[in-house]
Amino acid sequence: MKIFLFFLISTMLSISLNAKADSGFFSEGNGVGSNLNFYFTGLFSRSERNAAQEISGNDYSNVSLSYRLKNWSGLLENSNISESSGNFSSNMTRLHQEWVGWARYHFYNEDADVYQCSLFAGIGLGTFQEEIKTNLLGTTRADKTDNLFISGLSLGWDGSYFFTMNWALAAALEVRVFGSKEIDPNPALDEAFRLGIQYRF
Amino acid sequence: MKRLFFNHVRRGCHLFAAVVSMGILCSCSSKDESVNSSDKVQVLVPMMDKSEGSSGSYSLQLIELLGISNLQEVKGDFAHFVFSPRIKNNHIDGEAPKARFIKSSSGAYIPANEITQQMVAIYVHLQNLANFDKEVGASGINVGPQAVGIGVSIKDGSENNAFYDPKTDALYFVPYTWKGLPIAVNGGIIAHEHFHSLFSKMVFNGQKGKSSLHDRRSFMSIAGGVDEANEVDDKSRFEMLNRRGPPGTPEIPKFDSKIDKTKLENPDDSGKEDSQFYQDYHYLLLSGMNEGLADFWAWVYSGDPDFIAHSIPTEKATRTLSIKGESSRAILPDQSNLKRIVRTGESYESLDIKDYLKSNAYLIGTQFARAMKKFTDVTAQARGVSNLVARKQVAKLLIKTLPKINLELSKLALDAYYHPSIFLNSFIDSIPDLKEKECLFLSDVWNNSFLSEHRKSCKTQDAVWKMISE
């Protein structure tokens, strides 16, 4: 899996950097210009090991802000995962708080009057912290980790539909893979569907 | 010029992509599973407060896991875990569960989910019980890490239980669905199950099939159904399970539902008892002793006479070791009572005799547990020691007694019965320096329990108290 991702991303980056076409795949993105996206909602799911010891999707919340200039964009996202287990007398809640910054290259662009969309690949680096609140017979105790390192690779599609000259509804669909020594499984597969608004400069 | 510039940019991006990809790959390594023996591993565990006067309360404590070799599987010198296990070739089989921790800023490992908390709690209690075994003379009985099945799935959907299986020499914990303290976290219940492993090995020489009463039958039936290659072996194992008598008992004849009801009126008429009755009697007594002494061991370990109520509140009244008032007189079951119970069960043609004996065995067992507990209280008074010290002293005596039960059982003639009075004699023989109060208590127990036996009284002989027949 890791070797495959390495070659996939390297190949895609190499192809994209050698691109010559002016529209569609490997276009220079002049038509896109620059824009700012605020994704405030969506559906997000990350693979984690569940109580039955199976790897399954764990839903979480996410907000993000991205800025795009021609073929490149940067995205900063905040994710929160909360998971509880146990019973009335003995239970714990795990809170995962994460900040990741992404650098993405949009290697396919489509640009029309009322819509834009693109395919992109990205690399992310970030940090997360986890807190466990343990409750036993009415007494609660909270413990936190230090800030921990996390990294990721992404492949996705984003699009926007303009309802004014500058404002658009924005959406993005991504498949990501996150890596960190502190997560299980490692690497972890992640799917994100973002919804938000875009302002085009 | 422009082309040259973009060539440089392209090469730089390639290099950057390679470096970042390598960084990502480096972080994509498996969680560090191994722990050096010198590493101190402290975990947060719900534990009993063991100080005097605080029995029954639990709190979150940081405890060091000893002998841990793999923290992600909570595997080490004292336990290894199997998730949702099967039985394969008479061994527990399955994958080890993956624990999930966070490492707090102070360096302690905090369980991040219920199953991890249960794994560390069981490990901590087993490590404590292993150390306790050493202190009371039971070291070497259990060898190697204890196999523990968690998330055990039973065909009849049983929940809220735990049991020890001598065949696989493993502990099994089924899911806990009630609101109380989970069984896998209840130190008293873990000690109770651990005692079954000692009883099985020391009384039955680890003979297969001589299990505790908990729902092992259902678990074994699904295990037998899974492994088709061993179907024949599983059938014979079930037959062995049915053979509930002491070592050397002949094969059980086909159960005859047309029992002579006059036997109910003459329970001591042993001349007309068949081998089925003989085996049912010993199943009742030995299972009762196993359960009762296991409850006593749980109290010795936890200091809590109501240890079971935290998890199974419905059992509090019947299984409490703390009794007051008129019923505080400690008595053991008499052989006539035991025979009467068996005859009553056999007189009902439609009754499931096994379930009937099982439920009565717990009642029998509680008598043993309460008597042993009261004796411990008397010991503390007689010797001027704390309750904690007295518990350890009496635990040592019980460990000395268990092989004597084995010896007495093996000496029994085929038609001879093992009586509770034989157990009491063996226990008294294990006490090298009987004190007066202890002797008086034990003679009271004898005289109140065994009405058909010679009465006993206490006498000093060379400054040592002895119990003698009147």
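Strand 11 (residues 162-165) and strand 12 of chain B run antiparallel, joined by 4 bridges. Two strands count as paired if DSSP finds at least two bridges between them. Strands (E, at least two residues) and helices (H or I, at least four) are DSSP runs, numbered from the N terminus. This is a predicted model, in which local features need pLDDT of at least 70, side-chain atom pairs count only at pLDDT 80 or more, and totals for chains, interfaces and linings use all residues. Residues are numbered from 1 along each chain as its sequence is written, chains are lettered from A and ligands numbered from 1 in the order in which they are written, and side-chain values use heavy atoms, with hydrogens and water left out.

Stay with this pair of strands. Strand 11 and strand 12 of chain B form a hairpin, with 4 residues between them. In the turn, Asp169(B) has a positive phi of about 50 degrees. Asp165(B) stands opposite Ala170(B) in strand 12.

His80(B) stands opposite Ala147(B) in strand 10.

Put together, these strands make an open sheet of 4 strands in the order 5-10-12-11, with mixed pairing. Strand 5 (79-83) and strand 11 of chain B stand at the edges, each with a single partner strand, so one side of each has no neighbour in the sheet. Neighbouring strands are turned by 25 degrees against each other on average, direction ignored.

Where do the side chains of strand 12 of chain B point? Ala170(B) and Tyr172(B) point one way, Leu171(B) and Phe173(B) the other. All of them are buried, meaning under 20% relative accessible area, with exposed over 50% and partly exposed in between (1.4 Å probe, protein chains only).

Next come the helices. Two packed helices are described by the angle between their axes and the distance between the axes. Helix 2 (residues 114-135) and helix 3 of chain B pack at an angle of about 50 degrees, with their axes 10 Å apart. That angle makes helix 2 of chain B oblique to helix 3 of chain B. Axes are lines fitted to C-alpha atoms, for helices over the stretch in contact, and angles run from 0 to 180 degrees between N-to-C directions. Under 35 degrees counts as roughly parallel, over 145 as roughly antiparallel, 65 to 115 as roughly perpendicular and the rest as oblique. Among the residues that meet are Leu126(B) and Leu129(B) in helix 2 and Ile190(B) and Leu198(B) in helix 3.

Helix 3 (residues 187-203) of chain B also packs with helix 6 (residues 275-302) of chain B, at about 130 degrees and with axes 7 Å apart. Helix 3 of chain B is therefore oblique to helix 6 of chain B. Phe195(B) and Phe199(B) in helix 3 are among the residues that meet helix 6, where the partners include Leu293(B) and Trp297(B).

One loop residue is left to visit. Glu73(B) lies between strand 3 (68-70) and strand 4 (75-76) of chain B. Is Glu73(B) buried or exposed? Glu73(B) is buried, with a relative accessible area of 16%. Leaving aside neighbours within four places in sequence, Glu73(B) is in contact (heavy atoms within 4.5 Å) with residues including Phe81(B), Lys98(B) and Met119(B).
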